[in-house]
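Please keep the sequence and the model in view while reading.

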Amino acid sequence: MCGIVGYIGSKPAQEILVEGLRKLEYRGYDSAGIALCREGKLEAKKTEGPLTALEKRLQADPLTGHLGIGHTRWATHGKPSDENAHPHMDPGHQFAVVHNGIIENYLGLKEELQKKGYTFTSETDSEVIAHLLADLDDGDLVSTVRRAVRRMRGAYALAIIRCGEPDKMVAVRLASPLIIGVGDGENFIASDIPAILEHTRDVYVLEDGEMAVLTREWVELTTIGGDSVDKELFHVTWDAVTAEKDGYDHFMQKEIFEQPRAIRDTLAGRLKDGIVDLYGELSLAEEDLKKIDRIHVVACGTAYHAGLVGKTILEKWAHIPVEVDVASEYRYRNPLITSSTLVIAISQSGETADTLAALREAKKGGAKVLGITNVVGSSVAREADEVLMTWAGPEVSVASTKAYTTQLVTLALLGLHLARVVGTLGREELSDTATAMLRLPEQAESLLTDTVAIEQFARGIAGQENLFFIGRGLDHAVVMEGSLKLKEISYIHSEACAAGELKHGTLALIEEGFPVIALATQQAVRDKMVSNIIEMKARGAHVLGLALEGDTEVGKSVDEILTIPKTLPLLTPVLSVIPLQLLAYHTSVVRGLNVDKPRNLAKSVTVE
Ligand code: F6R
């Protein structure tokens with residue numbers, strides 16, 4: 001959610017900060033601001049609304065200087081407003097701070113500082129940091145920050161500058177992501193790599209409890225306590241253009257069309273001689289894998305939907321019982337965790353607070369934790385015992401697409417690997433499945449060559465207010481994702497129903513012309529699904545069916561039909577979700593909405 005950028009160097013900082021913030025817009029925000037240090041004076045400009053509002057203000061009254069920090073805020077404590085936007089400064093304008101996270105003890109600190117005469121101008125928890133710094137100021141930025149941080153509880157990433165030290169800035173990380181970009185005669189702070197990629201490819205990823213002191217010439221890494229930290233520079237190999245729209249109208253569209261490439265990358269190097277091989281990536285010994293007697297999957301939103309498909313895959317292939325939990329519920333239900341439980345935490349960003357909390361709960365209970373994530377160096381990647389990267393590449397659009405399909409493919413690889421280790425699938429089945437997986441990229445490509453029928457259907461539903469998605473078995477898991485996608489970017493209310501459940505209540509809502517999207521790609525329940533479609537049709541529903549190529553039955557009972565290529569039933573969700581993603585995308589476009597940044601949502605949800 002919130003985005004942080006910091007710059008120290010010889011170039012005008014304003015432009016670099018604003019451009020950096022623009023690269024972080026995908027995280028979601030409702031206000032933005034920057035503070036610069038010039039001739040020993042700190043000045044800030046901040047506005048509610050989009051970055052363009054800030055730019056307008058800066059055009060009229062620019063900030064000059066070669067040291068500065070910037071922030072895009074997503075409201076938690078206090079509404080979106082100019083006052084609540086960051087950076088925050090103390091009344092004497094000695095310190096400017098930008099903050100991502102939550103200071104849990106801010107009320108106590110605020111009361112203490114108010115008694116000392118500090119006046120607060122915002123409703124945020126973050127402003128307390130600026131006042132605390134001023135209160136503890138000992139004339140040295142670094143030691144003052146160390147003392148202030150010791151008083152703070154919660155989760156934070158901070159970038160701080162002090163007017164008396166115009167040649168220095170400080171970054172601190174505790175449970176919110178932060179990286180340091182190392183340039184030539186200039187250095188950077190950012191919440192995420194795209195913000196600084198235009199300037200440098202060499203970054204340090206700060207860990208929890210670490211601090212960086214930056215001047216133009218050097219970067220010093222220490223713990224908050226002051227012990228020096230030695231870590232390698234991470235060289236970013238992907239191109240800045242990968243994080244841009246690349247000719248597509250929207251990031252979501254680009255990311256949907258990137259799926260064949262993304263799936264190829266997920267598979268690359270993991271199917272050796274036609275057989276799955278994750279031995280090089282998983283450090284768990286075969287004996288430990290054989291001891292796993294239950295699996296818990298924890299994740300949120302789209303990643304949770306991937307987990308629902310993963311459950312069936314893992315149970316069918318590896319014969320291990322799997323429970324799937326929405327991460328925000330997991331730790332409050334006192335799950336039965338033992339040392340032979342494997343907990344799989346799925347998270348595109350690797351920073352989702354609820355998923356991290358569930359992961360930590362699992363570790364506390366003695367489980368082995370395997371993270372499936374898309375972001376190298378993310379909290380999930382660092383905190384899990386084992387990590388499988390999805391290799392989807394940066395996902396910018398708030399609505400997750402390529403993350404989902406690559407999560408499914410990663411879960412399938414894991415399922416195959418476990419099946420190989422525990423011996424539940426023979427060599428021939430392993431090899432046939434691997435062959436089917438290798439065809440997925442090309443099959444996904446074929447689904448993207450002609451989208452005219454989907455665009456037409458999107459135009460048809462764009463004026464509707466309600467819609468149902470129905471399916472059985474894995475199709476039910478996929479329609480949950482299709483429904484979420486449609487809801488979040490088109491704002492049309494939709495529900496995903498297990499088709500066999502309709503007659504137990506939901507059917508009452510069906511009337512003439514009610515739009516229904518029915519998935520019938522799972523052969524084992526195809527006939528039952530056709531009966532459910534007929535039940536809907538009999539009540540007047542207008543049904544779009546999705547079936548396998550060559551299926552001649554489903555088309556007879558629906559109003560419109562789309563088909564997808566045939567693969568193994570357990571792999572079908574990788575393909576069947578694509579028309580649903582396209583449908584959500586085109587519906588949002590027809591309705592003229594902000595596809596990539598739907599209202600009220602953020603890309604990276606780092607608060608519980
Ligand atoms: C929906 C969507 C969200 C995320 C969820 C988890 O399109 O993107 O539902 O899937 O917030 O995010 P990650 O995977 O980053 O943990």
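Which helices each supply at least two residues of the shell around the ligand? They are α9 (301–318) and α16 (474–490), where helices are DSSP runs of H or I with at least four residues, strands are runs of E with at least two, and both are numbered from the N terminus. The model is predicted: local features need pLDDT of at least 70, side-chain atom pairs count only at pLDDT 80 or more, and totals for chains, interfaces and linings use all residues. Residues are numbered from 1 along each chain as its sequence is written, and side-chain values use heavy atoms, with hydrogens and water left out.

The shell holds 14 residues, the closest being S347, Q348, S349, T352 and E488; a residue is near the ligand if one of its heavy atoms lies within 4 Å of it. Domain 2 (243–446) and domain 3 (452–590) each contribute at least three residues to this shell, the bounds coming from an automatic or database domain assignment.

Polar contacts, here pairs of N or O atoms within 3.5 Å, can be followed at individual residues. A polar side-chain atom of E488 is 2.3 Å from an oxygen atom of the ligand, and a side-chain N or O atom of T352 is 2.4 Å from a ligand oxygen atom. V398 takes part through a backbone N or O atom, 3.1 Å from an oxygen atom of the ligand. On its own the ligand has 410 Å² of accessible area, of which the protein covers 89%, by the Shrake-Rupley method with a 1.4 Å probe.

H86 and P87 are joined by a cis peptide bond, with omega about 0°, and P87 lies in the loop between β4 (67–73) and β5 (88–89). H93, in the loop between β5 and β6 (95–103), has a positive phi near 55°.

Definitions and conventions: A polar contact is a pair of N or O atoms within 3.5 Å; within protein, one must be able to donate a hydrogen and the other to accept it, and residues adjacent in sequence count only if both atoms are side-chain atoms.
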